[in-house]
Amino acid sequence: MINMRTGLCISFRFHRPVRFAKESLMAHVIVDTCKKDNLCVDSCPSEAIRPLKDEAGWEAATQLYINPEECMDCGGCVAECPTNSIFPAEELPADKQDAAEKNAAYFNK
Ligand code: SF4
């Protein structure tokens with residue numbers, strides 16, 4: 001039985017609570033093959049992809065980034081990307097493992 005307030009699983013059999021691991025915030029990630037085509041931006045229902053073309057930082061950005069705290073993990077952006085640069089975090093290619101951290105860091109400047 002799970003206590004909805006605390007997130008603890010109460011085992012009546014052993015009389016001790018077990019805490020489940022917290023889910024990662026990172027849902028989808030853009031890697032450095034992104035060419036800023038911007039096609040993914042309109043597909044995102046949570047406006048998690050930045051920077052926008054009219055925002056400060058657009059020119060300096062070498063790629064687009066997904067805000068891990070805004071992404072709803074819907075996957076809608078994946079099919080829109082012409083360079084196949086968007087992945088679920090758990091499916092990042094071996095040579096792109098640093099991308100999740102880079103995406104998050106963009107929003108924590
Ligand atoms: S997975 Fe969905 S919510 Fe997340 S960035 Fe892509 S379109 Fe937006």
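This report walks through a predicted model of a protein chain with a ligand.

## Before you start

Residue numbers begin at 1 in each chain and follow the sequence as written. Since we're looking at a predicted model, local features need pLDDT of at least 70 and side-chain atom pairs count only at pLDDT 80 or more, while totals for chains, interfaces and linings use all residues.

What is pLDDT? It's the predictor's confidence in each residue, from 0 to 100. The protein chain has a mean of 84, with 76% of its residues at 70 or more. Residues 1-23 have pLDDT below 50.

## The overall layout

The protein chain has 1 helix and 7 strands, and from the N terminus on they run β-β-β-β-β-β-β-α. Both kinds of element are DSSP runs numbered from the N terminus: helices are H or I with at least four residues, strands are E with at least two.

Of the chain's 109 residues, 23% count as buried. Buried means that 20 or more other C-beta atoms lie within 10 Å of a residue's own; with 12 or fewer it is exposed, and in between it is partly exposed (C-beta atoms are placed from the backbone).

## The core

The largest nonpolar core has 19 residues, and Val29 and Ile66 are among those touching the most other members. Such a core is a set of buried Ala, Val, Leu, Ile, Met, Phe, Trp, Tyr and Cys residues joined through C-beta atoms within 7 Å. Two or more residues each come from β4 (28-30), β6 (65-66) and α1 (99-106).

Take Val29: leaving aside neighbours within four places in sequence, its contacts include Ile66, Phe87, Ala99 and Asn103. A contact means two C-beta atoms, placed from the backbone, within 7 Å.

Which residues of α1 are buried? They are Ala99, Ala100 and Asn103. Seen down the axis of α1, they fall within an arc of 105 degrees, so they line one face of the helix; the arc is that of the directions from the helix axis to the C-beta atoms. Their cover includes β4 and β6, while the face turned away carries the exposed Glu101 and Ala105.

Glu90 sits in the loop between β7 (86-88) and α1. Glu90 is exposed because it has 10 other C-beta atoms within 10 Å.

## Around the ligand

The ligand is surrounded by 16 residues, the closest being Cys44, Cys71, Cys74, Gly76 and Cys77. A residue counts as near if its C-beta atom, placed from the backbone, lies within 6 Å.
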